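Please work through the exercises below with the sequence and the model in view. Each task is followed by a stepwise solution.

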Amino acid sequence: MLFKDRRFAGQILAKELTAYANDPDVLVLGLPRGGVPVAFEVAKTLNAPLDVLVVRKLGVPDQEELAMGAIASGGVRIVNKYIISLVKISDEVIARVSAQEERELERRERLYRGNRPLKNLQGRTVILVDDGLATGATMWAAVVTVRKHQPAQIAIAVPVAAPETCQELETEVDEIVCISRPSPFQSVGLWYESFPQTTDEEVRYLLAKATKNGEAIPLGT
C-alpha cells in the first residue's frame, strides 16, 4: 500500500484503532518528528490526548541511515550489538555519536515541551505512533522508556514497517497495529507518495492544536 502522505496514513491507521476510542486512560505518544503528524490524526479520531516522546537514532558514521542504537527521553540508550560488531564500531565512536544526539534530543525537548513534563503514564494505555519502522531502533528506545513509567498497556501503531521488525517488537508490547508489512521493505519513505521532512514548526503547531487551549510553546523556550 502506498500512502498519500503522513496525514492520510494517520487517518487510515486510526480506523484500525477504534477499540481505543473515547477511553480516558488512553494516551497517544508521537515519535518526532515524522510520527507526530500521524499521531495527531490518530489522537483526533480516538478522542485521546496527544504528547511526544523524543527519541533519536544513533546512526553509524558515514552511514547515518543504519542505526547502531537509539536514545530517548529519561536517559534511555539501547545499542544494536550485531550492527556494532558487524561494522566494528568502537566504544569511543558510540560515545561521541551518543553525546551528539543527546544534545539534539535536549534541544527538541525544550522546543516541543518547554517546561511541561511528560504526561503521567502510570496505569494508562499508551499508543506509540511513528510514520514507519525500518530497524525499529527508535521504537525500541520508546518502549523501554514508557515501560519505566509502569503503564497498564503499551501498543505500537504505524502505517508501514519491515516484517521482521514487527515480529521482534511483538514480544515486547501488548499489541502492534501495522497496516502494511511489505517485503522487501527498503525504507519508510518508499511507501509514501509525499514524504518531506517534518519541521520543528509543524510538530509545535500540531501539539498546540491538539491541546484544549491551543496555546503554543513560545519560541526560544
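This is a predicted model: local features need pLDDT of at least 70, side-chain atom pairs count only at pLDDT 80 or more; totals for chains, interfaces and linings use all residues.

Residues are numbered from 1 along each chain as its sequence is written, and side-chain values use heavy atoms, with hydrogens and water left out.

**Exercise 1.** Determine the strand order of the open sheet and its edge strands.

Step 1. Strands (E, at least two residues) and helices (H or I, at least four) are DSSP runs, numbered from the N terminus; two strands pair if DSSP finds at least two bridges between them.
Step 2. The order of the five strands is E2-E1-E6-E7-E8, with parallel pairing.
Step 3. E2 (50–52) and E8 (175–180) each pair on one side only and are the edge strands.
Step 4. Within this order, E1 (residues 26–30) and E6 (residues 125–129) are joined by five parallel bridges; Gly-30 has Val-129 as its bridge partner.

**Exercise 2.** Describe the two hairpins that involve E4.

Step 1. E3 (residues 55–60) runs antiparallel to E4 (residues 63–72), with six bridges.
Step 2. Two residues lie between these strands, and Asp-62 has a positive phi near 70°.
Step 3. E4 also pairs antiparallel with E5 (residues 76–79) over four bridges.
Step 4. Three residues separate E4 from E5, and Gly-74 in the turn has a positive phi of about 95°.

**Exercise 3.** Decide whether Glu-101 is buried or exposed.

Step 1. Glu-101 belongs to helix H4 (residues 91–113).
Step 2. Buried means under 20% relative accessible area, exposed over 50%, and partly exposed in between (1.4 Å probe, protein chains only).
Step 3. Glu-101 is therefore buried, at 11% relative accessibility.
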